[in-house]
Amino acid sequence: MRIRIVDAFTDRPFAGNPAGVLLLDAFPDDGWLQQVALEVNHAETAFAHRLPEGGEADWALRWFTPAAEVAMCGHATLATAHVLHSTGAHQGPVRFATRSGVLMAAPGEDGSITLDFPTAPLTAVDVPNGVAEALGAEPRAVLDTGPSVGDLLLELADEKTVHALTPDLKALGAYSARGIIATARAEDPSHGYDFVSRCFFPNIGIDEDPVTGSAHTALAPYWSERLGRPVLTGLQASPRSGRVRTELRGDRTLLSGRAVTVIEGDLLV
């Protein structure tokens, strides 16, 4: 079967967030899926197969990190939609049946793809004891992002603080199901983004995720409320870096970006 490595939320190779993508006839057993994801060894590997016509979704989709299956993944969904459209396996908007419900991915005339995801419910919480020491910075605000995302969102003092983080990753794992989203307002919006973030997910085997679509379902409502605009652009300031355009629509959040296939080959097992 064909396997592809796709860089998502970027318009150039070797940037954004890489994901493995396999289009299957059906899902094999979970152990095989997990072994393939471990072999690919990117933040997520996506597995998809076509569903019968006439249902609520067109393709079934699952995502695995090297260590576990996850309930939601934005960049690997974007990568899968890119593969479907670039290979001709699917035309137009595609509906994915996932553990987080039916998710839509629609191609744009400019080459971008827009994902329609549920908005994360945000709940303000007290600053947990020790989280500032583990992260290496004092948060201004802390919010729980709900069970689908499974992170703590921490607003920090400024963009420079986010860039400078060198957290204690082992210690961070104690504070949420998946990890920590660290964010701040952009220092200079003329650079083309409104807020900056970094994401650390030690509990699912990802020290720092390059670009995290699911995190932006929490970042979008947080920053839209503070900046007074439903449409924003976020910069995820990992070493690979990438940008996500967000549009808040109540209980849904639209995430837009591009993707590039960088490797294509045969999986022989």
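User: Helices (H or I, at least four residues) and strands (E, at least two) are DSSP runs, numbered from the N terminus. Which residue takes a positive phi just after α6?

Analyst: This is a predicted model, in which local features need pLDDT of at least 70, side-chain atom pairs need 80 or more, and totals for chains, interfaces and linings use all residues. Numbering runs from 1 along each chain as its sequence is written, and side-chain values use heavy atoms, without hydrogens or water. Helix α6 spans residues 216-227. Just after α6, at a phi of about 75 degrees, comes G228.

User: How many residues of α6 are buried?

Analyst: Buried means under 20% relative accessible area (1.4 Å probe, protein chains only). Among the buried residues are H216, W223 and L227. Helix α6 is mostly covered, and its buried count is 10 of 12.

User: Which residues does T77 touch, beyond four places in sequence?

Analyst: T77 belongs to α2, residues 74-87. T77 has a relative accessible area of 0%, so T77 is buried. Contact means heavy atoms within 4.5 Å. The partners are L61, W63, F96, L115 and F117.

User: Which elements give two or more residues to the lining of the largest pocket?

Analyst: A pocket is an open set of points on a 1 Å grid over the protein atoms alone, where a 1.4 Å probe fits, with protein on both sides within 12 Å along at least five of seven lines; lining residues have an atom within 4 Å of a point. The lining includes D11, D110, R243, R245 and R258. The elements are β16 (242-249) and β17 (252-257).

Conventions: Buried < 20%, exposed > 50% of the residue type's maximum accessible area, 1.4 Å probe, protein only.
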